[in-house]
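Try each task before you read the solution.

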Amino acid sequence: MKVPFIDIKRYEPGFVDAVTAKFGEMVTNAQFMGGDEVSLLEQKLAPLMGAGFVVSCANGTDALQLALRALGVGRGDTVLVPDVTFWATFEAVVNVGATPATLDVDLADGGISVAALRQALADLSPTAVIIAHLYGWASAHLLDIRNICKQAGVHLIEDGAQCFGTLIDSRPVLEGALISTTSFYPAKVLGGAGDGGAVLTNDAGLAEKVRQLANHGRTSHYGYGEVGWNSRLDSLQAAFLNLSLGHFEARLASRRRSARYYRDTLPALGIQLMDAPAQYAENGYCNVCLFDDEQLRKRVQLRLSEEGIGFGNIYPGVISTQAGAAQYTRGHVGGTAGKKLCAGVLNLPLFAYMTDIELERVTAVVAQAMATA
Ligand SMILES: *Cc1c(COP(=O)(O)O)cnc(C)c1O
């Protein structure tokens, strides 16, 4: 039996019909931009994500650029980013005209190294720091990191593209953030029918600035107080997300259940799993197996491929050594834990509504591979 790495089309009974009916009604009325669906989505997301203000936008990469621009980060500014994250975290800094520098990561949780952060704050005098809450949890030192940045007078942006639904001490993880972002790319935990994203903050002024920048810097229909761009979320996208939110608790519970299954079964097979630090309830976005031996990881992957079991390597390489980084980066701060993480990471299938049979099949193949490797 084959098991895909991710299958995002396991909709609940009736979901596709509800979307079709909704889209039909909206197309009939040419209800494409703004309107009720977009504001309804923002209203629903605010309490769910623990933010006073939610501003929807075109995608998660734009959300980072909007957050940076709203904070006034631009030419001449240095922004610290993790060495292990999606490329967009780095790219956003360059796209607003600022200069990125990478921070080594902590192998215990995939977050940034606090020692590297302290060193970079002292050596590089950055204006801002972006951290990314990868895999479905965040750093064990999140509260420290927030405090350190606050003490240093440095803006902290939290890239929450992968932590939708994650809780810290039973509260939404982004609740205590100065400003944070998310993505509704279809494969994310709350996925759209295309691209989408949002910026979250408790600061009314920042929220207003983000909203203005995402709509051409408009102050009125033909009045422009800023140079922004078009980063609006369209109404069909918002409607799809609103309908998806109706099933979100069930999808989240299913992901968590599968994540739990892996945590309960894989260690006995000799697989080392990255743990979500104790204060978090993970959202089941990702499963993270860590191999000290890269050759063993590759042999396990070969077995998975032979048996039609999908897998991922999130991420296979650090940011600092990407070909596209060299001409923009101010350098790397800290050690090489990020490289070790990238060399050792293997992600097993994890998505909403995986069946018990699929989970058992994945672990059976991993068990075979480990026994014969
Ligand atoms: C997906 C992702 C993004 C970018 O989101 P898009 O909506 O695809 O632009 C940024 N950061 C991280 C960590 C992501 O996983």
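Is Trp87 buried, partly exposed or exposed, and what is its relative accessibility? Trp87 comes out at 27% relative accessibility, so it counts as partly exposed. The cut-offs are under 20% relative accessible area for buried and over 50% for exposed, with partly exposed in between (1.4 Å probe, protein chains only).

Before going further, some housekeeping. This is a predicted model, where local features need pLDDT of at least 70, side-chain atom pairs count only at pLDDT 80 or more, and totals for chains, interfaces and linings use all residues. Residues are numbered from 1 along each chain as its sequence is written, and side-chain values use heavy atoms, with hydrogens and water left out.

**Exercise 1. Aromatic pairs**

Work out how Trp87 and Phe90 are arranged, then compare notes on Tyr135 and Trp137.

Step 1: get the count. There are six aromatic pairs in the structure. Rings of Phe, Tyr and Trp (its six-membered ring) pair if their centres lie within 6.5 Å; planes under 30 degrees apart count as stacked, over 60 as edge-to-face and the rest as tilted.

Step 2: take Trp87 and Phe90. Their ring centres are 4.8 Å apart with 20° between the planes, and the pair is stacked.

Step 3: Helices (H or I, at least four residues) and strands (E, at least two) are DSSP runs, numbered from the N terminus. Phe90 has 1% relative accessibility, so it counts as buried.

Step 4: move to the next pair. Tyr135 and Trp137 have ring centres 5.7 Å apart and planes at 50°, so this pair is tilted. Tyr135 and Trp137 are both buried.

**Exercise 2. A glutamine in a loop**

Find out where Gln162 sits and what its side chain reaches.

Step 1: locate Gln162. It is in the loop between strand S5 (155-159) and strand S6 (167-168).

Step 2: Gln162 has a relative accessible area of 5%, so it is buried.

Step 3: look for polar partners. A polar atom of the Gln162 side chain lies 2.8 Å from the backbone nitrogen of Tyr135.

Step 4: list the surroundings. Leaving aside neighbours within four places in sequence, Gln162 is in contact (heavy atoms within 4.5 Å) with residues including His133, Tyr135, Asn283 and Tyr315.

**Exercise 3. Salt bridges across the chain**

Which parts of the chain do Glu358 and Arg10 tie together?

Step 1: start from the total. The structure holds 20 salt bridges, each being a side-chain nitrogen of Lys or Arg within 4 Å of a carboxyl oxygen of Asp or Glu.

Step 2: look at the pair. Glu358 and Arg10 meet through their side chains at 2.7 Å, N to O. Glu358 is in helix H12 (residues 356-372) and Arg10 in the segment before helix H1 (15-28), so the bridge ties together parts 348 residues apart in sequence.

Step 3: Glu358 is buried at 7% relative accessibility, whereas Arg10 is partly exposed at 23%.

Step 4: widen the view. Asp7, Lys9, Arg10 and Glu358 are linked in a network of salt bridges.

**Exercise 4. One arginine, two partners**

Describe what Arg251 does with Glu12 and with Phe15.

Step 1: Glu12 and Arg251 form a salt bridge, with their closest N and O atoms 2.9 Å apart. The two are 239 residues apart, Glu12 in the segment before H1 and Arg251 in helix H9 (residues 248-265).

Step 2: Glu12 and Arg251 are both buried.

Step 3: Arg251 also lies over the face of Phe15, 5.0 Å from the ring centre. For that label, NZ of Lys or CZ of Arg must be within 6 Å of the ring centre and within 35 degrees of the ring normal.

Step 4: Phe15 belongs to an aromatic cluster with Tyr11 and Phe240.

**Exercise 5. Back to helix H12**

What does Arg361 touch, and which side chain does it join in a polar contact?

Step 1: Arg361 lies in helix H12.

Step 2: not counting residues up to four places away in sequence, Arg361 touches Met1, Val3, Glu307, Ile309 and Gln368.

Step 3: the side chains of Arg361 and Glu307 are joined by a polar contact of 2.7 Å. A polar contact is a pair of N or O atoms within 3.5 Å; within protein, one must be able to donate a hydrogen and the other to accept it, and residues adjacent in sequence count only if both atoms are side-chain atoms.

Step 4: Arg361 and Met1 are 360 residues apart in sequence and 7.5 Å apart in space, C-alpha to C-alpha.
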